[in-house]
Amino acid sequence: MPEGSEKEVAALYWEAFGRKLGPALDPPDAGRAFIAAHLHHDRGVTALVDGAVVGVAGYQLGGRALTGGDVRDVLSAYGLLRGLRRLAVLALFERTPEKGELVMDGIAVDASHRGGGIGSMLLRQVAAVAAENGCRRIRLDVIDTNPRARALYERLGFVARHTEQTPYLRRLLGFGAVTTMYRPVTEADRTGGGVR
């Protein structure tokens with residue numbers, strides 16, 4: 001992820017995940033600023049068009065994810081009382097990779113560039129990162145209100161393994177089920193011919 005692209009990446013990420021992240025990081029300006037201030041540049045890949053970021057895919061590997069910020073950062077940004085409630089919501093999104101696994105944090109493509117293959121290209125790059133790091137599989141979660149993303153993942157070799165019904169989150173976060181999907185890292189990912 002290029003240095004200096006933090007605000008662009010945070011804006012794309014918020015556009016894609018703001019409904020889900022809102023209860024933890026609202027108002028939107030504060031949420032985008034928090035994300036921009038706590039990005040790990042080495043845990044994401046970006047797509048650029050004319051120097052502008054039009055797509056981002058974040059991943060978790062080696063104990064770090066694209067989006068960062070710890071308890072102290074949240075409390076500093078939002079205060080003690082509001083911060084504690086926000087930390088409880090953020091805890092709902094925590095996922096720890098198993099050994100040999102890269103976990104996708106999310107993929108976001110600018111609305112004006114969707115349907116042009118950018119999502120596939122980003123996933124191809126993430127698969128190459130997984131292969132370079134000796135991972136055997138890639139894991140991601142997709143929510144029930146994002147069928148377009150799920151269809152993309154299925155086209156690119158991800159297979160649904162488990163769906164957790166979360167009706168208690170529908171009012172708070174806007175979705176009622178989360179499906180965990182996996183894709184093996186292949187020899188083609190190691191040689192650059194992986195996800196198409």
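I placed L84 in helix α4 (residues 80-91), where helices are DSSP runs of H or I with at least four residues and strands are runs of E with at least two, numbered from the N terminus. L84 is partly exposed at a relative accessible area of 46%, the class between buried (under 20%) and exposed (over 50%).

**Basis.** This is a predicted model, in which local features need pLDDT of at least 70 and side-chain atom pairs count only at pLDDT 80 or more, while totals for chains, interfaces and linings use all residues. Residues are numbered from 1 along each chain as its sequence is written, and side-chain values use heavy atoms, with hydrogens and water left out.

**Sheet.** I traced six strands in an open sheet of mixed pairing, in the order β1-β2-β3-β4-β6-β5, pairing being at least two DSSP bridges between two strands. β1 (44-49) and β5 (159-165) are the edge strands, each pairing on one side only. Between β2 (residues 52-60) and β3 (residues 101-109), which run antiparallel, I found six bridges, and I noted V109 in β3 as the bridge partner of G55.

**Salt bridges.** I recorded 12 salt bridges in the structure, each a side-chain nitrogen of Lys or Arg within 4 Å of a carboxyl oxygen of Asp or Glu. One of them joins the side chains of R114 and E15 at 3.1 Å, N to O; because R114 lies in the loop between β3 and α5 and E15 in helix α1 (residues 6-25), the pair ties together parts that are 99 residues apart in sequence. R114 is partly exposed at 40% relative accessible area, and E15 is likewise partly exposed at 43%.

I then checked R183 and D189, whose closest N and O atoms are 2.9 Å apart in a salt bridge; R183 counts as buried at 6% relative accessibility, and D189 is buried at 4%.

Lastly, I looked up the salt bridge of E187 with R190, at 3.7 Å between the closest N and O atoms; the two are three residues apart in helix α8 (residues 187-191), so about one helical turn separates them.

Note on methods. Buried means under 20% relative accessible area, exposed over 50%, partly exposed in between (1.4 Å probe, protein chains only).
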